[in-house]
Amino acid sequence: DNGEGGTFALYSLLCRHARVNSLSNCQLADEELSEYKKDVVVNSTQTNFGSSLKSTLEKYRLLQKLLLLLALIGTCMVIGDGVLTPAISVFSAVSGLELSMSHEHHEYVEVPVACLILIGLFALQHFGTHRVGFLFAPIVVIWLFCISAIGLYNIIHWNPHVYRALSPYYMYKFLKKTQAGGWMSLGGILLCITGSEAMFADLGHFSQLSIKIAFTFMVYPSLILAYMGQAAYISKHHDISPGYHIGFYVSVPEKLRWPVLGIAILAAVVGSQAIITGTFSIIKQCQALGCFPRVKIVHTSSKVHGQIYIPEINWTLMILCLAVTIGFRDTERMGNASGLAVITVMLVTTCLMSLVIVLCWRKSVFLALSFVIFFGAFEALYFSASLIKFLEGAWVPVALSLIFMAIMYIWHYGTLKKYEFDVQNKVSINWLLSLGPSLGIVRVRGMGLIHTELVSGIPAIFSHFVTNLPAFHQVLVFLCVKSVPVPHVKREERFLVGHIGPKEYRLYRCIVRYGYKDFHKDDFEFENDLVCSIAEFIRAESTKMNGLKDESDKDSDEKMTVVGSPSTYVDGIRMRQDMDDNNNEDLPGTSELKEIRSPIITPKKKVRFLLPESPKMGDESKEELQDLMEAREAGIAYILGHAHVRAKQGSSWVKKLVINIGYEFLRRNSRAPSYPISVPHASTLEVGMICDI
């Protein structure tokens with residue numbers, strides 16, 4: 001998906017090529033985004049099967065729900081992998097202690113040491129990976145060199161003929177001889193490819209070429225040498241003490257075990273860090289697409305926007321990791337659990353990829369079937385082998401996935417029903433027009449920002465508000481901050497701005513669009529960008545400036561204009577604020593700009609719009625800009641809707657259980673709606689409503 005990977009990226013790609021979107025407030029204008037159709041195959045027509053598949057998916061809601069469930073299963077397994085990978089990586093690294101101390105003591109040392117390392121790993125997450133990221137590559141390179149060198153030593157010293165095992169003939173011979181036992185052992189082989197599913201989810205951080213080069217020339221040869229070395233050692237040592245596990249450390253020369261143990265622990269921390277970061281990233285995607293409760297997302301780096309930290313998820317993962325480590329105390333059962341999670345993610349990816357081949361790439365159905373049969377056959381074989389170990393640890397990812405999937409689906413269902421309630425109860429434009437320019441109430445100085453999920457119409461909280469209070473602000477902005485199913489939205493396409501009613505009403509609708517991997521500003525800059533985008537819209541309406549696109553939804557009479565953030569227009573409107581009225585020096589490079597200044601003198605703050613000298617603006621637009629400037633100078637009030645959601649009378653007991661208990665519990669224990677600006681409490685009004693859905 002425009003360079004991004006993972007199950008939700010594939011689902012997002014499918015949502016753009018067929019109307020199966022899980023987001024409630026989608027618009028036709030969203031389809032005009034440059035990223036939306038960036039990956040469309042040019043000069044390629046949809047096949048007959050592809051057209052019928054697309055129409056079938058768009059027609060039946062049940063199929064859309066099943067597609068969403070499939071994506072959620074893959075996502076939840078990745079989250080489950082975020083629990084299991086740190087546990088098994090750290091515990092298996094620490095397990096080398098069993099060969100360095102007596103058998104009676106190592107059982108009492110391994111678990112506490114592993115738990116301490118895990119606690120330290122999760123406790124340091126809030127600092128971000130950018131502080132220690134420069135150490136990751138050297139650690140991994142040293143680790144790969146270490147295991148390949150030890151493997152090469154074991155091959156030469158114990159069994160040089162082990163290279164014959166590279167022949168697929170021995171694989172066939174092994175399975176033929178062992179039959180059911182060999183098939184059941186395939187679940188353990190999955191540990192060889194653990195992490196590749198996380199690499200696909202983190203694809204946006206790398207290029208495909210870099211992965212191919214690193215894997216082909218470094219990772220794969222190192223792993224092959226390591227496994228061949230272990231096989232060479234074990235082929236000559238069948239009398240290993242039954243009290244010890246046949247693992248990596250038995251093949252390490254005794255003098256090197258302590259240094260290798262230290263390198264292994266560092267490598268395990270790096271690998272765990274990668275899957276933890278991937279878990280944060282995929283939960284952020286789920287939240288952006290309305291499939292996860294609101295959590296606090298902290299950006300740990302001002303330079304790299306992909307580096308995030310989610311406190312609630314971090315501590316949840318830590319508790320679950322410690323529970324798995326203390327509960328199992330065995331790498332074999334941890335391996336069974338991790339293997340099932342990995343192969344399930346791959347199986348889901350294969351299914352979604354086959355749909356992408358038909359719907360997005362517009363290729364033949366036979367190519368998609370060949371893809372599913374070839375890859376799906378291998379994955380189904382390993383998946384069935386992993387399920388056999390269900391009672392031996394493989395139940396853990398299934399249980400975790402069911403819990404996370406229930407949370408995600410309940411949140412998505414409740415959010416969708418609440419939006420449907422808002423749409424059904426929204427106030428028509430005609431009701432607003434009947435009130436007249438003053439809206440039937442006193443208009444006071446200042447700007448009112450009304451946050452709403454609606455992209456058209458007037459939210460019910462506004463009518464509820466004006467019927468209870470006799471005054472409102474001179475400029476009203478209905479602000480909708482929403483996510484669209486693309487990774488990133490360009491800054492020049494960020495804002496959609498339009499009038500609500502005639503210009504003299506001073507009512508605006510502003511829709512701010514973000515991709516599921518975009519960085520949401522959480523500072524004063526967004527507030528200025530919002531005001532400047534409205535000012536730019538006013539100027540565009542007056543001068544019909546080229547470069548701005550008009551978008552209008554068929555379901556609404558409102559005409560919206562695409563307006564970029566101020567930095568995207570060199571000759572656009574800019575806003576200047578002075579704390580001192582006598583501070584009149586010009587900004588650098590603005591000698592050709594004309595200032596429109598507020599005639600009202602305020603000791604606190606002076607707001608000015610800097611306009612280009614040409615093209616000229618009409619008097620009506622200048623007056624509208626003057627009102628906007630005075631309103632911004634007087635201050636901004638934030639009106640937030642606070643809805644109490646409950647199942648309406650006559651609903652089934654299942655719906656009452658989901659809405660009244662499940663969704664209400666999640667809503668009460670999740671973060672408040674995330675707005676891209678820090679809303680000051682002193683300037684906030686909350687309007688309460690009861691939503692019977």
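Q: What is a salt bridge, and which residues are linked in a network of salt bridges?
A: A salt bridge is a side-chain nitrogen of Lys or Arg within 4 Å of a carboxyl oxygen of Asp or Glu. In this structure, which is a predicted model, E664, R667 and R668 are linked in a network of such bridges, and a search of the whole structure finds eleven salt bridges.

Q: Where do K417 and E420 lie, and how many residues apart are they?
A: Both K417 and E420 belong to helix α14, which covers residues 395-424, and they stand three residues apart, about one turn of the helix. Their closest N and O atoms are 3.6 Å apart, and the two residues form a salt bridge. K417 is partly exposed, with a relative accessible area of 24%, and E420 is also counted as partly exposed, at 29%.

Q: Which parts of the chain does the salt bridge between D627 and R506 link?
A: The side chains of D627 and R506 meet with an N to O distance of 2.9 Å. This pair links distant parts of the chain, for D627 is in helix α18 while R506 is in the loop between β5 (495-499) and β6 (507-515), 121 residues apart. R506 has a relative accessible area of 10%, which means that it counts as buried, since buried is under 20%.

Q: What does the salt bridge between D692 and R646 tie together?
A: The side chains of D692 and R646 meet at 2.4 Å, N to O. D692 lies in strand β13 (residues 684-692) and R646 in strand β12 (residues 636-646), so the pair ties together parts that are 46 residues apart in sequence. D692 is partly exposed at 32%, and R646 is partly exposed at 36%.

Q: Is T75 buried or exposed?
A: T75, which is found in helix α3 (residues 61-94), has a relative accessible area of 0% and is therefore buried. A polar atom of the T75 side chain lies 2.8 Å from the backbone oxygen of A71.

Q: Which residues form a nonpolar patch on the surface?
A: The nonpolar patch is formed by Y60, L62, L63 and L66, which together have about 390 Å² of accessible area. One of these residues, L62, is found in helix α3, and L62 is exposed because its relative accessible area is 60%, where exposed means over 50%.

How values were computed
Residues are numbered from 1 along each chain as its sequence is written. This is a predicted model: local features need pLDDT of at least 70, side-chain atom pairs count only at pLDDT 80 or more; totals for chains, interfaces and linings use all residues. Side-chain values use heavy atoms; hydrogens and water are left out. Helices (H or I, at least four residues) and strands (E, at least two) are DSSP runs, numbered from the N terminus. Buried means under 20% relative accessible area, exposed over 50%, partly exposed in between (1.4 Å probe, protein chains only). A polar contact is a pair of N or O atoms within 3.5 Å; within protein, one must be able to donate a hydrogen and the other to accept it, and residues adjacent in sequence count only if both atoms are side-chain atoms. Patches are made of residues with over 30% relative accessible area and no salt bridge: like charges are joined within 9 Å, nonpolar side chains (Val, Leu, Ile, Met, Phe, Trp, Tyr) within 5 Å. Accessible areas come from the Shrake-Rupley method with a 1.4 Å probe; for residues, only the protein chains shown count as cover.
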